[in-house]
Amino acid sequence: MIASDKLTPPPGAAEPVRHPDAPAPGQLLGPHYDQCFGCGGDQPHGLHLAARAGEGVSVTAEFTVKAAHQGAPGLAHGGVLTSALDETLGALSWLLRTITVTGRLETDFLRPVPVDTTLHLDARVLAVAGRKIYSTAAGRLGAPEGPVAVRADALFVEVKVDHFVRHGRDREIQAAMADPDQVRRARAFEVNP
Ligand SMILES: CCCCCCCC(=O)SCCNC(=O)CCNC(=O)[C@H](O)C(C)(C)COP(=O)(O)OP(=O)(O)OC[C@H]1O[C@@H](n2cnc3c(N)ncnc32)[C@H](O)[C@@H]1OP(=O)(O)O
């Protein structure tokens with residue numbers, strides 16, 4: 001499978017560089033926001049995806065498909081699987097120490113994923129061109145070396161924390177800014193605010 005032109009790094013794109021203060025390989029990254037559908041612990045129907053720093057600019061993650069994630073009887077919904085890939089790719093921000101949002105995400109669905117399956121995900125940055133971060137991810141059935149069920153190519157775009165303050169609903173923005181833990185997590189990304 002080949003990524004579309006929009007997801008092919010342009011000539012002159014740079015190799016990704018792991019930030020010197022990035023979490024050590026093997027370290028759990030923890031949620032970036034407690035209410036996040038992908039990783040938040042306070043989100044009852046969320047994915048509760050747990051990501052870990054890998055070597056270089058890579059992460060691994062696990063996500064267990066629950067009954068609340070079904071599309072067809074006993075099978076995970078494709079959009080939920082795409083969310084798991086999106087969240088895993090988003091966690092690469094911890095290693096670059098850059099705040100990013102998903103600009104484009106292309107998913108290939110290769111095998112059905114039954115409820116109760118643990119999907120073992122991995123993602124890595126391929127190249128960086130200015131604010132554009134090109135990355136790829138895969139989700140394997142049942143084990144880190146299991147058969148690939150889903151994969152994705154993505155373009156994330158670097159933004160400043162101001163992006164969220166400007167666009168987010170006021171109630172949640174105020175609550176996040178009043179929460180010292182959330183402010184600390186946001187600052188962990190803001191190397192050059
Ligand atoms: C730890 C964190 C985990 C997070 C995991 C979850 C991640 C998410 O779900 S994030 C939420 C979903 N995404 C969003 O809400 C983003 C919505 N989109 C936006 O806000 C804007 O379109 C944004 C910020 C992506 C880009 O806007 P803006 O800052 O004005 O930059 P813009 O100039 O348009 O684009 C920058 C570059 O990216 C390119 N680009 C932007 N979008 C795309 C796209 N969809 N496809 C291809 N290229 C794109 C542009 O062509 C441009 O390239 P160049 O510099 O070569 O001209």
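Which helix and which strands each supply at least two residues of the shell around the ligand? They are helix H1 (78-90), strand E3 (100-109) and strand E6 (148-158).

## About the model

Welcome to this structure, which is a predicted model: local features need pLDDT of at least 70, side-chain atom pairs count only at pLDDT 80 or more, and totals for chains, interfaces and linings use all residues. Residues are numbered from 1 along each chain as its sequence is written.

## The overall fold

The chain holds five helices and six strands, and their order along the sequence is β-β-α-α-β-β-β-β-α-α-α. Here helices (H or I, at least four residues) and strands (E, at least two) are DSSP runs, numbered from the N terminus. The chain has a radius of gyration of 16 Å, close to the 16 Å from the globule rule for 193 residues, so it is as compact as a globular protein of that length. That radius is taken over C-alpha atoms, and the rule is 2.2 Å times the number of residues to the power 0.38.

Along its principal axes, the C-alpha trace spans about 45 × 40 × 30 Å. Of the contacts with a separation of 6 or more, 66% are between residues 24 or more positions apart; a contact means that two C-beta atoms, placed from the backbone, lie within 7 Å.

## Around the ligand

Now back to the ligand. It is surrounded by 18 residues, and the closest are His-32, Gly-90, Val-101, Gly-103 and Arg-104. A residue counts as near if its C-beta atom, placed from the backbone, lies within 6 Å.

Strand E3 gives the largest share of this shell, four residues. By class, the shell has five nonpolar, seven polar and six charged residues. Ala, Val, Leu, Ile, Met, Phe, Trp, Tyr, Cys and Pro count as nonpolar, Asp, Glu, Lys and Arg as charged, and the others, Gly among them, as polar.

## How strands pair

Strand E4 (residues 118-129) has two antiparallel partners to follow here. Seven bridges join E4 to strand E2 (residues 58-64), where Ala-61 has Leu-121 of E4 as its bridge partner. Strands pair if DSSP finds at least two bridges between them.

Ten bridges join E4 to strand E5 (residues 132-141), with Val-125 opposite Ser-135 in E5. E4 and E5 form a hairpin with two residues between them, and Gly-130 in the turn has a positive phi of about 60°.
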